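Hi,

Here is the structure I said I would pass on. Have a look at it first, and my notes follow below.

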Amino acid sequence: MKFDEILTNDDLLDALYDMHFDECTPIQELAIPPVLEGHDLLAVAQTGTGKTAAYLLPVIERLVNDNYPQENVNCVVMAPTRELAQQIDRQMQGFSYFMPVSSMAIYGGTDGHTYEQQRRGLKMGADVVIATPGRLLAHLSMGYVDLSKVSFFILDEADRMLDMGFIDDIMQIVGHLPKERQTLLFSATMPPKIQQLAGNILRNPVVVKIAVSKPAEKIRQAAYVCYEPQKLPILQKIFAETPPQRVVVFSSSKQKVKELARTLRRLNIKVGEMHSDLEQDEREEVMLKFKAGRINVVVATDIISRGIDIDNIDTVINYDVPREGEDYVHRIGRTARADKDGSAYTFISDKERSRFKAIERLLGKDVEKLPVPAELGAVPDYGGDDAIRRRRYGKPKGNGTRQRGRRNGGRKKNGEKRPSEKYKK
């Protein structure tokens with residue numbers, strides 16, 4: 001379906017034409033009509049499906065066609081990170097280029113001058129405010145922000161905001177909004193906590209679900225099954241065999257990101273790190289250096305797995321298995337863009353096997369398992385036998401040898417072999 005079949009404003013269609021937007025994506029085709037009709041919306045769609053346009057385009061059209069007062073804050077878009085807020089604001093400016101619709105991004109990690117600009121903008125009113133929860137609450141607490149005339153409230157990547165602990169902040173913000181409003185909730189996944197949030201803030205929503213797309217076929221996916229201490233040597237081996245050029249390494253926590261970045265620097269690798277402890281200007285500097293080729297590796301939390309547009313990435317390495325299958329798709333989707341090839345490696349520790357098996361079920365295939373270098377010692381089995389042995393006889397020691405005997409000291413049954421006999425090498 002083409003945009004001119006569901007949108008009517010000529011200025012908006014001209015902007016889409018100039019931006020080379022022609023055909024609707026599935027989420028846009030399904031979401032735009034009910035938003036134009038005034039319905040609340042619950043949309044399940046992963047990043048990269050065009051969901052930002054799915055809510056911005058109908059809201060922009062309604063703001064212009066229905067003559068909403070320009071001195072009010074008419075729409076609030078909530079985003080989990082400042083990077084996503086900035087990206088939404090850039091798209092907003094492109095879509096509304098020929099139209100009298102104002103927008104501003106509100107996020108933390110800025111200097112006093114930027115904070116003052118945000119304060120003035122909120123006091124004067126902006127058609128669309130795109131904000132992170134914490135910074136918007138900080139402005140609200142000062143008493144100069146009026147959200148009582150908001151007509152549209154949008155939650156983007158709602159599941160990520162809840163994972164980051166923003167549920168209380170979101171509900172506080174909802175308390176400042178009028179009850180008569182149109183609410184749109186977008187999420188990549190639909191866990192029970194999202195269903196509960198939807199039940200609290202949506203009214204008879206239209207529900208749209210887009211199946212999780214599979215990673216691009218051009219991505220070569222492979223994995224190493226290993227113990228946690230073996231991950232770093234495997235990473236070093238990969239970099240020794242193929243010197244990194246444009247690589248993103250994802251880890252599960254900001255502490256591990258910091259430690260891994262320090263280690264790679266000692267190996268004379270040009271590396272940057274991305275996590276929530278960095279100030280905004282520090283994050284921007286890292287990304288600029290990476291895009292310019294001044295650093296070859298970025299070690300990051302999932303802060304850049306969604307909503308950040310980075311092209312020409314050769315390799316993505318999951319140093320830790322992501323918690324959700326959708327997160328795996330988002331992470332490795334950073335590579336093999338624009339019809340280029342790319343590689344994605346995942347390090348699967350013994351404690352992460354069940355999580356990766358769930359990812360393989362989502363993908364509908366088994367990911368190739370590469371051999372761990374023999375000099376690194378024994379590795380865990382990926383199949384079920386090793387897990388059964390562990391449950392019965394305890395975890396192996398750090399060097400991969402098995403602990404013998406029963407955990408509860410039980411006596412062996414008649415005719416049963418001892419563990420030492422049963423699992424002799």
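**Helix H12 and what covers it**

The buried residues of helix H12 are covered by, among others, helix H4 (82-95) and the strands S9 (247-250), S10 (271-274) and S11 (297-300). Before going further, bear in mind that this is a predicted model. The buried residues in question are Gln-280, Arg-283, Val-286, Met-287 and Phe-290. They sit on the same side of H12, because the arc they cover around the axis is only 130 degrees. On the face turned away from that buried side you'll find Asp-281, Leu-288 and Ala-292, which are exposed.

I also checked the length of H12, which runs over residues 280-292. Its 13 residues, at 1.5 Å a residue, should span 18 Å, and the end C-alpha atoms are 18 Å apart, so the two agree. Just after the helix comes Gly-293, with a positive phi of about 80 degrees.

**The parallel strands**

Next, have a look at strand S4, residues 128-131. Are its faces covered, or open? Both are covered: Val-128 and Ile-130 are buried on one side, and Val-129 and Ala-131 are buried on the other.

S4 pairs with strand S2 (residues 75-78) in the parallel sense, over 4 bridges, and Val-128 in S4 is the bridge partner of Cys-75. Strand S3 (residues 103-106) also runs parallel to S4 and is joined to it by 4 bridges; there, Ile-106 has Ala-131 of S4 as its bridge partner. To get from S3 to S4 the chain passes through helix H5 (residues 112-124), and this β-α-β crossover is right-handed.

S2 is joined to S5 as well, again running parallel with 4 bridges, and Val-76 has Phe-153 in S5 as its bridge partner. Strand S5 covers residues 152-155, and both of its faces are covered too: Phe-152 and Ile-154 are buried on one side, Phe-153 and Leu-155 on the other. S5 then runs parallel to strand S6 (residues 182-187), with 4 bridges joining them.

**A buried histidine**

Which residues is His-139 in contact with, once its neighbours within four places in sequence are left aside? They are Ile-106, Tyr-115, Gln-118, Arg-119, Leu-122, Tyr-144 and Val-145. Ile-106 is the residue bridged to Ala-131 in S4.

**Two nonpolar cores**

The largest nonpolar core has 43 residues, and those touching the most other members are Leu-7, Ile-27, Leu-57 and Phe-186. Helix H3 (residues 51-65) gives the most to this core, with 8 residues. Not counting residues up to four places away in sequence, Leu-7 touches Leu-12, Leu-13, Leu-16, Ile-32, Leu-36, Leu-57 and Glu-61. Apart from this core lies another one, of 35 residues, including Leu-42, Leu-147, Leu-155 and Ile-170. Leu-155 is also one of the buried residues of S5. As a general point, nonpolar side chains in soluble globular proteins tend to be buried together.

Cheers

Note on methods. Residues numbered from 1 in each chain as written. Predicted model: local features only at pLDDT ≥ 70, side-chain atom pairs only at ≥ 80, totals over all residues. Heavy atoms only, no water. Buried < 20%, exposed > 50% of the residue type's maximum accessible area, 1.4 Å probe, protein only. Helix = DSSP H or I, 4+ residues; strand = E, 2+ residues; numbered from the N terminus. Pairing = 2+ DSSP bridges. Right-handed = clockwise from strand over helix to strand, strands pointing away. Contact = heavy atoms within 4.5 Å. Core = buried A, V, L, I, M, F, W, Y, C linked by side-chain atoms within 4.5 Å. Expected span 1.5 Å × (residues − 1). Arc of directions from axis to C-beta.
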